[in-house]
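Here are a few notes to go with your first look at this one. Have the structure open while you read, and go through the points in order.

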Amino acid sequence: MALISLVLINGYAALAQTPDTVSQDSSALKIPEQVSVNNVFIIGNEKTQKNIILREMNVAPGVVYDWEDFLRILKTDQQRIYNLQLFTSVEITPLFVEDEEVELLVSVKERWYVIPSIIFDLADRNFSEWWINQNRDLSRVNYGLKLNHNNVGGRNEKLRVMGQLGFTQAFDLTYSIPYIDKEQEHGLAFRINYNTNKTIAVKSAQNKQVFYTNENEEILRKNLGASLQYTYRGNFYNFNYLTIGFSNTKIHEEVLTQNPNYFLNDSTRQKYFYASYNFKHDRRDNIAYATQGELINVGVTRYGLFTNDDVNETEISLIANKYFRFSDKTHLVTGISVSSYLSSRQPYTLVRGIGYAPDFIRGYEIYVIEGQQTFIHKNSFRYKLLDVAYDISKLIPIEEFNTFPIRAYLSANFDHGYVNDRNHIPENAALTNTYLYGYGLGLDLITFYDQVIRFEYSVNSQQEGSFFINIKAPL
């Protein structure tokens, strides 16, 4: 029996051919013009249910495929299975039982799904904000406990439970199940969260957040939120999300002395219902750090569904990214991000612009540029310096952790954009309503369980250069 294996480790595929070890004929394996699949077998899924994996596969038994199309489909099937983020590696092996008939062996290596962890992270927007603007203040650290269960019943359900103290005291509970129907098209998720702060950003000046703490260090803000999300996935790459939620925020009266327009209603309480619809087309080869494919996300959110709600606002947004792979070592990433409010003023709780996730321009990490319309175009040309995986089974004799992969990319970056502030706030005029850009070099590290760390030196359009550390891929 001859094997042709497609192996996906850490999100990227490699093709290997093994000659027929049963036959005495030493000639090369004859590749058929067409092939059909008899059966699909899955091994290694000790926790994950078989139907969750089969949902990501386009190859079907009984269908005749041209050989080149067959290999292409297997590769995309692998990528989709890996992008479930349930496995550290995926291997699909066609086993020839006849000249033009195969059986597929899908071999997966599962991740560790139950991950209790200690929270110790920064409350600020990014590391550079904390390091530069907040003078490395350790009181701005969050700490607590978190439990992530990424595959509760083997159906790719996600459970998140978090209890946090420190700069922000918070409790968060999230549960999602991707499919609630036999056809695996409809899913549900719900979330409830509560948080309090003794120090909050009350406004911005000179394009930086202004924080306030009163003399008695009293709680300045309390927020309770809840949401329910319905998901429809009609095909492999298109996702539809409909979310209904509620937000109730209470602030200390001293907040209004710092910013009388914090809520825009001269009140210390803001409560409203909201609804949003998002359409996502996601064809990336690796959702954590893509090198090929495309991502489109279009959304509209209505804040305030009833006449007694304290907010009356509509927001529209668009993200469109394209990933061009030129070779195994080089690829180009380019993407735009556009968002707009329909009205001219928003409560500070809904403020948007460059500097607030996910919108940023490299070189402006320590700034917030606030307004009603935002346009950003980000670009990175990347060269792969390193792609290795170390066997650490002697140190950690647990199968889910015994391989430590490291990929490193050198990136050349150029971002530019614009924020339109209809109110022309004088203290922020230096960076609003003007063309902004940033450029520089970076080193991207992708390691265990697709964790991304970026080290970048960037120069902005004010000719300010600085070194920045960021988590997650920029686009």
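1. One term before we start: a polar contact is a pair of N or O atoms within 3.5 Å, where, within protein, one atom must be able to donate a hydrogen and the other to accept it. With that in hand, look at Glu110, whose side chain reaches the backbone nitrogen of Glu46 at 3.3 Å. Keep in mind throughout that this is a predicted model.

2. Stay with Glu110, which sits in strand S6 (residues 101-110). Its side chain also has a polar contact of 3.3 Å with the side chain of Tyr113. What about a salt bridge? Glu110 is buried but has none, and Lys47, the nearest side chain of opposite charge, is 8.5 Å away.

3. Next, Asn45, found in the loop between strand S3 (34-43) and helix H1 (50-54). Leaving aside residues up to four places away in sequence, Asn45 touches Lys50, Ile53, Val108 and Glu110. A polar atom of the Asn45 side chain also lies 3.1 Å from the backbone oxygen of Thr48.

4. Now the strands. S15 (residues 238-251) and S16 (residues 269-282) run antiparallel and are joined by 13 bridges; in this pairing Ile244 stands opposite Ala275 in S16. S16 also pairs with S17 (residues 293-303), again in the antiparallel sense, over nine bridges. Here Tyr274 stands opposite Tyr303 in S17.

5. On to charges: side chains of opposite charge can pair when their charged atoms come close. How many salt bridges does a search of the whole structure find? The count is 16. One of them joins Arg233 and Glu56, with the closest N and O atoms 2.8 Å apart. This pair links distant parts of the chain, 177 residues apart: Arg233 is in the loop between S14 (221-232) and S15, and Glu56 in the loop between H1 and S4 (64-66). Both Arg233 and Glu56 are buried.

6. Asp415 forms a salt bridge with Arg362, the closest N and O atoms being 2.8 Å apart. Asp415 is in strand S23 (residues 403-420), while Arg362 is in the loop between S20 (352-354) and S21 (369-371), 53 residues apart. Asp415 is buried at 0% relative accessible area, and Arg362 counts as buried at 1%.

7. Last, Asp444 and Arg382 meet in a salt bridge at 3.8 Å, N to O. Asp444 lies in S24 (residues 436-446) and Arg382 in S22 (residues 373-391), so the pair ties together parts 62 residues apart in sequence. Asp444 and Arg382 are both buried. Elsewhere, salt bridges that share partners join Arg362, Asp415, Arg454 and Glu456 into one network.

Terms used. Residues numbered from 1 in each chain as written. Predicted model: local features only at pLDDT ≥ 70, side-chain atom pairs only at ≥ 80, totals over all residues. Heavy atoms only, no water. Helix = DSSP H or I, 4+ residues; strand = E, 2+ residues; numbered from the N terminus. Contact = heavy atoms within 4.5 Å. Pairing = 2+ DSSP bridges. Buried < 20%, exposed > 50% of the residue type's maximum accessible area, 1.4 Å probe, protein only. Lys, Arg positive; Asp, Glu negative; His and termini not counted. Salt bridge = Lys/Arg side-chain N within 4 Å of Asp/Glu carboxyl O.
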